[in-house]
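Thanks for coming. I have one structure today, and I will keep to the packing inside it.

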Amino acid sequence: MGNSKSSVFFKKDDGVRAMKNCYSEELDSYYTIRPECLAEVPKTRFKSRVGKTLSERRWKAAFSKDGYLDIAAVLRRIQRGGIHPSIKGAAWEFLLGCFDPESTFEERNRLRQQRREQYAAWKSECQNIVPIIGSGKLITSAIVCNDGQPIASDDGQPIASDDGQPIASDDGQPIASDNGQPAVCATSTSNSQDNDAVPAHNGDLDKKMLQWKLILHQIGLDVVRTDRTLVFYENEANQAKLWDVLAVYAWMDKDIGYVQGMSDICSPMIILLENEADAYWCFERAMRRLRDNFKCSADSVGVQSQLGTLAQIVKTVDPKLHQHLEELDGGEYLFAFRMLMVLFRREFSFVDSLYLWEVMWAMEYNPNIYSSYDDKRQTLLSELLYDDKPGDKHKLKEYGKFERNNLKTGAAEQNSALSVFLVASVLETKHRRLMKEAKGLDDVVQILGEISGNLDARKALDEALKVHKKYLKQAKKS
């Protein structure tokens with residue numbers, strides 16, 4: 001009997017082990033790395049955990065017959081172990097506020113169709129201006145000069161001038177077409193009616209249109225560099241899909257347009273959501289959370305507000321470190337710019353960064369997010385999010401862990417992102433080295449740069465929550 005019993009236990013353990021191995025192999029197959037790039041990518045630490053990670057089976061079980069989603073149960077799972085790749089895109093749409101958990105399947109299908117039609121209309125509008133959009137190709141060379149003079153036709157092909165002389169860019173170098181040949185432009189006396197370029201001085205080249213056309217090739221240059229280690233982007237059609245979404249977004253967002261770093265945020269949506277319009281709306285919702293990070297002017301960088309919050313947090317939880325950084329002329333915390341701008345994309349592997357994002361979004365989740373995005377009132381987002389504060393424990397469970405702590409302590413309206421506390425926790429864990437070895441800002445950057453591939457996302461988030469709790473406690477005292 002004893003041998004029989006131990007044999008049963010062995011088989012059970014063996015089955016669990018086999019299931020875990022299967023999960024790991026499955027993860028690798030979803031985001032395949034190009035063989036020649038394996039050595040240069042950060043090590044992936046995330047493993048899909050049986051009983052903790054939100055699985056496809058658990059995801060389906062969280063919906064009622066009509067399609068209402070038990071968001072509280074979903075948040076618990078995600079916060080414990082992330083989301084399995086097979087349902088990651090669908091779950092992100094809820095985390096980012098694309099859909100209301102209290103809607104039905106029918107309502108969401110209707111809304112999805114409306115959004116797809118809206119995106120198609122916007123894309124068609126862009127395509128009428130620059131025909132290469134939607135063609136499966138992308139532009140990596142400028143098509144207009146700063147003064148509106150066309151360099152290439154709107155399908156990306158170089159324009160032949162009367163004298164054949166190449167036009168130079170701002171740095172004096174000829175601007176090359178996609179095939180590597182210098183692009184030449186039509187002179188003011190040439191007849192450009194045979195090409196698709198917009199005449200340079202026809203009076204109706206709107207300033208916004210010019211700014212948009214000027215940035216299209218920069219989007220293309222960023223796209224070909226984004227997640228280039230993934231097999232997915234060996235396919236030019238997938239690169240073009242990312243370029244199309246960013247180009248349409250830049251056209252629609254007149255205030256910000258496109259800023260470098262957006263491609264890092266958008267790329268996972270392109271990979272996770274097969275339909276381009278769905279990927280666009282997921283990215284658009286993500287940008288509603290992040291767009292202030294990309295607002296830049298001559299006087300400030302986009303993440304200035306978050307950097308200021310970071311300085312205040314570190315000053316509160318680790319005053320000696322803050323003073324040391326100030327003495328190194330690092331009191332503005334610009335060394336943390338990249339971490340906040342692209343949400344740690346450089347510090348983690350692709351898989352780990354997705355895990356980090358979804359757990360952060362789950363922890364920050366506010367059930368009012370969908371209605372606040374669709375609210376037409378001209379008011380602050382934070383005011384809309386907290387219009388309807390939970391009055392019972394059941395409703396409180398529909399908030400993420402981080403957001404719930406903010407509500408309980410009255411710190412919700414401060415609207416500080418968990419990512420800021422994550423950076424603060426990284427600085428705190430590096431306290432000893434920074435105090436001892438950092439003699440200048442270059443040393444600070446080097447020490448923080450060493451965390452790439454060596455940071456465990458789960459542990460980092462746990463530390464961030466501890467820093468958040470410590471900060472609220474200290475702030476309350478003062």
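This is a predicted model: local features need pLDDT of at least 70, side-chain atom pairs count only at pLDDT 80 or more; totals for chains, interfaces and linings use all residues.

Start with H4, residues 88-95. Seven of its eight residues are buried, so this helix is largely enclosed by the rest of the structure. The buried ones are Lys88, Gly89, Ala91, Trp92, Glu93, Phe94 and Leu95. Note that Lys88 and Glu93 are on that list. After the helix comes Gly97, with a positive phi near 85 degrees.

Next, the partner. Two packed helices are described by the angle between their axes and the distance between the axes. For H4 and H13, the latter being residues 350-363, the axes come within 10 Å and cross at roughly 35 degrees. The crossing is left-handed. On the H4 side, the contact uses Lys88, Trp92 and Leu95. On the H13 side, you find Leu354, Trp357, Glu358, Trp361 and Ala362. By type, that contact has six nonpolar residues, two charged ones and no polar ones.

Now the core. Which residues have the most contacts inside the largest nonpolar core? They are Trp92, Met262 and Leu427, in a core of 130 residues. H13 gives the most to this core, namely 11 residues. Trp92 therefore turns up again here, having already been listed among the buried residues of H4.

Setting aside neighbours within four places in sequence, Met262 touches Leu246, Tyr249, Ile256, Gly257, Phe283, Met287 and Phe294. Keep Tyr249 and Phe283 from that list in mind.

That brings me to the rings. The whole structure has 23 aromatic pairs. One of them is Tyr30 with Tyr31, a tilted pair at 6.2 Å centre to centre and 45 degrees between the planes. Tyr31 counts as buried at 9% relative accessibility, while Tyr30 is partly exposed at 35%.

Compare Tyr249 and Phe283. Their ring centres are 5.1 Å apart with the planes at 70 degrees, and angles over 60 count as edge-to-face, so that is what this pair is. Tyr249 lies in H7, residues 236-252, and Phe283 in H9, residues 276-290. The two are 34 residues apart, and the pair links distant parts of the chain. Both Tyr249 and Phe283 are buried.

Finally, Tyr249 and Phe283 belong to a cluster linked by ring pairs, together with Tyr119, Trp122, Tyr280 and Trp281. That is where I will stop.

Conventions
Residues are numbered from 1 along each chain as its sequence is written. Side-chain values use heavy atoms; hydrogens and water are left out. Axes are lines fitted to C-alpha atoms, for helices over the stretch in contact, and angles run from 0 to 180 degrees between N-to-C directions. Helices (H or I, at least four residues) and strands (E, at least two) are DSSP runs, numbered from the N terminus. A crossing is left-handed if the near helix is turned anticlockwise from the far one by less than a right angle, and right-handed if clockwise. Contact means heavy atoms within 4.5 Å. Ala, Val, Leu, Ile, Met, Phe, Trp, Tyr, Cys and Pro count as nonpolar, Asp, Glu, Lys and Arg as charged, and the others, Gly among them, as polar. A nonpolar core is a set of buried Ala, Val, Leu, Ile, Met, Phe, Trp, Tyr and Cys residues joined through side-chain atoms within 4.5 Å. Buried means under 20% relative accessible area, exposed over 50%, partly exposed in between (1.4 Å probe, protein chains only). Rings of Phe, Tyr and Trp (its six-membered ring) pair if their centres lie within 6.5 Å; planes under 30 degrees apart count as stacked, over 60 as edge-to-face and the rest as tilted.
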